[in-house]
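Welcome! Open your viewer, get the selection tool ready, and follow along stop by stop.

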Amino acid sequence: MDVSKLFRLDGRVALVTGGSRGIGSMIAEGFIASGAKVYISSRDADACNATAEELGENCIALPQDISTVAGCKALAETLAEREDKLDILVNNAGAAWGEPFETFPEKGWDKVMDLNVKSPFFLTQALHSLLQASARHEQPAKVINITSIDGQRLNPWDTYSYHASKSALIYLTKRMAARLIRDSINVTSIAPGAFPSKMNRAARDHGDAVAQGIPAKRIGEPEDMAAAAIYLASRAGDYVVGETITVDGGLVNAALGTSIDA
């Protein structure tokens, strides 16, 4: 058994949506370090181009708003002009909305559900032929959906559509996996906990305080996220199908509740 190549991505082509910052850029950087050529996409062209320049020649910016089906198709068409196959798709682009129940607006529901649930499905659909061109029984293509621990347990904030969307994406991952495994395309998801990002400002701006509520006593680091994504994308994860890997320092599965007798 040669374990030296289990986690390598040499020669692989990846697309990471929402790849210009936060978790997306952590994953993109990890893939590149493991040998992959990585396309990153976000609706902010300047941020996308800046991150691609920072990550080096093996990172290419493809700015695109994928909040609509038309946007998903446009991104797929742009990628198809450059590549004849896609080995790894990371559906990371997402949005959140917090507002009290009494005033929570329709636009806060639609924006989040469209980007967090609809777009991963329709982008994968639009890229199906490129993924199939890569996929083989001995080396499956990979689709990795970035979900959240907020799809597994409640947080204390009024993020109604975000909770619903991430729970939906965890089960959509299973449904997509059941279909796409027939094409040698493995679909999985990663449910991150507290990682510093624009979306998770608490972890970004108050990391030490947030860490006190996490069993591991720290927030997530880029290496934690990159490692999970590389595992799923590489040979190491070839036999993992439909699973959600929780990367949260134990918050979901190892946090002790408060006893009623305390």
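Start by selecting strand E2, residues 37-41: four of its five residues are buried (under 20% relative accessible area, with a 1.4 Å probe and protein chains only), so this strand is largely enclosed by the rest of the structure. Strands here are DSSP runs of at least two residues and helices (H or I) runs of at least four, numbered from the N terminus. This is a predicted model, in which local features need pLDDT of at least 70, side-chain atom pairs count only at pLDDT 80 or more, and totals for chains, interfaces and linings use all residues. Residues are numbered from 1 along each chain as its sequence is written, and side-chain values use heavy atoms, leaving out hydrogens and water.

E1 and E2 run parallel and are joined by five bridges; two strands pair if DSSP finds at least two bridges between them. Click valine 13 and look across to lysine 37, its bridge partner in E2.

Next, pick phenylalanine 101, in the loop between strand E4 (88-91) and helix H4 (106-126). Buried or exposed? Phenylalanine 101 is exposed (over 50%), with a relative accessible area of 61%.

Move on to glutamate 223 in helix H9, residues 222-233. Glutamate 223 has 54% relative accessibility, so it counts as exposed.

For the last stop, select asparagine 253, in the segment after strand E7 (244-247). Asparagine 253 is exposed too, at 66% relative accessible area.
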